[in-house]
Amino acid sequence: MTLRNYIFFVSLCIYMEQQSVVLATVLVTNDVWSYSGENGPDAWHYHYPLCEDTNASLQSPIDIDTDQVKYSTHCEPLRLDGYNRIWNNIMLMTNNGRSVRINIVGNMTLSRGGLDGTYRASHIHLHWGSDNSRGSEHTINGKAYPLEIHTVHYNTLYQNELLAYKMDKGLAVLGVLVKIGKRPNANLNFFFDHLDKIENPGVLVELPKVNKYPFLPKDTSSFYRYQGSLTTPGCYQTVAWTVFRDTITISQSQMDKLRSLHTDSTKTFLVNNYRPVQKCNGRTIISC
């Protein structure tokens, strides 16, 4: 075993110990839900009661109506420790049949910016559509984007993400909306150039090292904040959402690489893996 492979193996073991899950769970999930058909979003609540979108629920995603948000002139900046030196972290990417997931092995933390506590980065996942008119989970004034990137963090009061899911103030998620432009996003080549390795579910790939975290927009000082839920079952209402006002731009060819992934061995394309918007139910959305 080479030194590089040994380091990869040890890092993976550490990740697995931290997350308290077996490798099969990391690679492919087999829970009773999907994004379409009889187990689609309208039926999630039959197996996962919290997913029901009632008049009292705090479910996500939502449509952000900019005429209804509460604008603040005293927003504290987010503190993103470790995001400018992420070569110290390892990123392990897989296609789990429902999304692309990148597990973060390292020490990137999120705090301040109105958050109550310090949150450690756990993983990244993406939601996209079959065409450029849809795909994002959050919408702005009813407008959807073709892609949305989520960086999930768990409160450092808890040992790992799985323990934090059900806890008050357990999770903080950074949401980034993505537009299509004329040129490829060179900062994301390290990601898009390796998607062909996970065309089908069940493969774990270590991504190349990069210096700066590339899944955030240039301007992280302006964002929308609200209290909501996971956008997948069990829909736990423990998430402090930060949806950035600034966006990321990628090319059509990069977008098409995501749409070439498969959900399973039947070669069904992995697209439209987003949950429809839920009721806002009078929640306050703060705009910084």
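R79 is partly exposed, at a relative accessible area of 35%. In this predicted model, R79 pairs with D81 in a salt bridge. The structure contains seven salt bridges, and this briefing covers three of them, including the one between R79 and D81. Side chains of opposite charge can pair when their charged atoms come close.

**R79 and D81**
- The closest N and O atoms of D81 and R79 are 2.9 Å apart.
- D81 has a relative accessibility of 25% and counts as partly exposed.
- R79, at 35%, is also classed as partly exposed.

**D131 and R134**
- A salt bridge links D131 to R134, with 3.2 Å between the closest N and O atoms.
- D131 is partly exposed, its relative accessible area being 29%.
- R134 counts as partly exposed too, with a relative accessibility of 31%.

**R259 and D256**
- R259 forms a salt bridge with D256, and their closest N and O atoms lie 3.7 Å apart.
- R259 has a relative accessibility of 12%, so it counts as buried, the cut-off being under 20%.
- D256, in contrast, is partly exposed at 37% relative accessibility.

Notes. Residues are numbered from 1 along each chain as its sequence is written. This is a predicted model: local features need pLDDT of at least 70, side-chain atom pairs count only at pLDDT 80 or more; totals for chains, interfaces and linings use all residues. Side-chain values use heavy atoms; hydrogens and water are left out. A salt bridge is a side-chain nitrogen of Lys or Arg within 4 Å of a carboxyl oxygen of Asp or Glu. Buried means under 20% relative accessible area, exposed over 50%, partly exposed in between (1.4 Å probe, protein chains only).
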